Amino acid sequence: MSLTSEAVIEQLGQIVDTDRVITDEPTLKLASVDHFRKLQTIFDTHTRQLPVAVVMANSTDEVSKILAFADANDVNVVARTGGTATEGGLESGTDRSIVVDGSLIDEIINIDPYNMQATVGCGVPLQTLEDACREVGLTTGHSPQSKPIASMGGLVATRSRGQLSTLYGGIEDMVVGCEVVFAGGEVSRIKSIPRRAAGPDIRHIVIGNEGALCYITEVTVKLFPFMPENNQYLGWTTKEMSEGFEVLREVMVAGFKPAVARLYDYEDGQLQFSHMADPDEVTIIFTTEGNARIAEATAEGIREIVAKHPGCKPIEPRLVDEWFNDLVWDETKVVREANRIRDERNVNRTTEVSADWTSIQKIYDAVIPRIRAEIDGITLLGGHSSHSYINGTNLYFNYFFDLGDTAPENETEELYMPIISIIVEETLRYGGSIVHHHGMGKARAPWVKDEYGTSYPMLEKLKAVYDPNGVMNMGTIIPN
Ligand SMILES: Cc1cc2nc3c(=O)[nH]c(=O)nc-3n(C[C@H](O)[C@H](O)[C@H](O)COP(=O)(O)OP(=O)(O)OC[C@H]3O[C@@H](n4cnc5c(N)ncnc54)[C@H](O)[C@@H]3O)c2cc1C
């Protein structure tokens with residue numbers, strides 16, 4: 001027989017100190033949603049199933065005991081560290097859910113400048129690690145816009161990607177080892193080594209699992225020299241997105257590794273660059289960094305490539321530098337944006353996808369007119385490419401819409417999901433991926449079979465093996 005909520009709370013209190021089993025309603029309401037249903041928090045109109053409790057674990061041993069208890073008693077576990085999820089990964093998914101918060105597992109265990117790696121607890125905020133690394137002349141190279149508010153466990157769990165990804169890679173290129181806890185409480189460590197060929201790379205069962213396969217308690221990531229004095233900032237405007245994509249493609253194919261490589265379309269560009277670009281222009285941005293010779297050669301190579309595109313007009317580097325330094329989102333910006341939405345009832349949402357160079361323009365050309373034609377109340381619609389590869393790039397659609405008469409608690413289903421559906425349909429039509437870096441969460445889980453195609457059974461089998469009783473973040477990645 002299932003335990004009652006009271007019994008769940010009581011038994012959790014035997015595993016951790018009772019003051020770390022939090023059950024007050026305001027805390028549970030906040031824990032019932034993430035940014036996917038952010039309007040429920042902004043307008044305080046929560047409708048989702050509340051978790052039974054938020055449990056603050058402070059060690060791997062506690063996580064192990066909590067997961068053993070949950071597995072034995074059919075209690076769903078929602079892992080949480082920074083709480084900045086955007087795709088519903090933190091929603092309860094069931095009425096017998098607990099949030100296991102790892103933000104107290106926050107020790108920087110080691111910064112090793114000789115072997116160029118750092119080992120941290122899952123609850124270490126990325127900004128904290130980055131600041132500590134910079135004190136000894138190093139950087140993680142990881143710079144998602146949520147750097148000040150996201151933590152290492154969540155960043156690994158969502159396969160996050162930072163603004164400097166073209167040079168340093170995504171989190172999957174940075175994680176060299178980790179410690180995780182599986183449903184039932186089994187603890188596994190994957191040792192930190194530069195590379196090995198001892199069978200499949202099992203790190204990838206952990207990276208991107210979104211709490212649906214295991215709980216990440218510790219990670220070891222690569223470090224890089226921090227040499228901001230060598231940074232170079234480059235920017236151009238031109239008239240056509242196609243020319244912008246072509247510049248990005250040529251830079252990547254030529255083998256250059258700028259830190260930032262971005263292309264903003266017209267409306268998205270005006271949000272950022274109205275002081276440097278006209279409304280009928282798109283904006284191309286690069287930065288280079290690292291070793292002075294490499295940074296200089298990369299900037300020179302990019303300039304040579306752009307010179308072959310006579311439509312491109314240069315932007316003053318100082319303006320690119322100023323823009324870039326204001327890009328990350330701290331708590332103040334999040335609160336300011338929430339206040340703006342409450343006051344104006346105008347909502348900003350984003351959806352990020354990826355595809356090869358042949359398909360990316362087709363997706364852009366298909367999505368933008370469809371949203372304009374099919375969705376009422378759009379007040380801004382655009383997008384940018386912010387992460388490029390030799391074989392393609394991503395597209396981050398950025399859009400605003402008026403709430404109109406829609407109740408804030410229904411915004412996600414009635415206004416946001418129809419737009420996501422258009423983006424997903426067109427991305428799948430042209431063979432792209434429906435998620436570039438935010439994770440599947442519960443938002444994009446309905447399309448998981450379309451995304452994976454004939455490889456879907458591989459994913460299903462992983463879930464069956466590592467979470468046989470289905471207690472790990474139910475409904476995330478794989479829908480209920
Ligand atoms: C303003 C803003 C800007 C953003 N910018 C970027 C960006 O530039 N790049 C980018 O990639 N993302 C970005 N994001 C999305 C978000 O920050 C990332 O997905 C981040 O990786 C989440 O980390 P977190 O610590 O906040 O995780 P959480 O929000 O706590 O959790 C995220 C997911 O991971 C799971 N999880 C959390 N901790 C663990 C753990 N220890 N073990 C297993 N599973 C766990 C959760 O269950 C959930 O499914 C942004 C979000 C916001 C709000």
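This short talk covers the ligand site and one β-sheet of the structure shown above. Please keep in mind that this is a predicted model, in which local features need pLDDT of at least 70 and side-chain atom pairs count only at pLDDT 80 or more, while totals for chains, interfaces and linings use all residues. Residues are numbered from 1 along each chain as its sequence is written, and side-chain values use heavy atoms, with hydrogens and water left out.

Let me begin with the ligand. It is surrounded by 33 residues, the closest being Ala79, Thr84, Gln145, Ser146 and Thr158, where a residue counts as near if one of its heavy atoms lies within 4 Å. By class, this shell divides into 12 nonpolar, 18 polar and three charged residues, with Ala, Val, Leu, Ile, Met, Phe, Trp, Tyr, Cys and Pro taken as nonpolar, Asp, Glu, Lys and Arg as charged, and the others, Gly among them, as polar.

Two or more shell residues come from each of β3 (76-80), α6 (152-157) and β10 (214-222), helices being DSSP runs (H or I) of at least four residues and strands (E) of at least two, numbered from the N terminus.

Which element gives the largest share of the shell? That is α6, with four residues.
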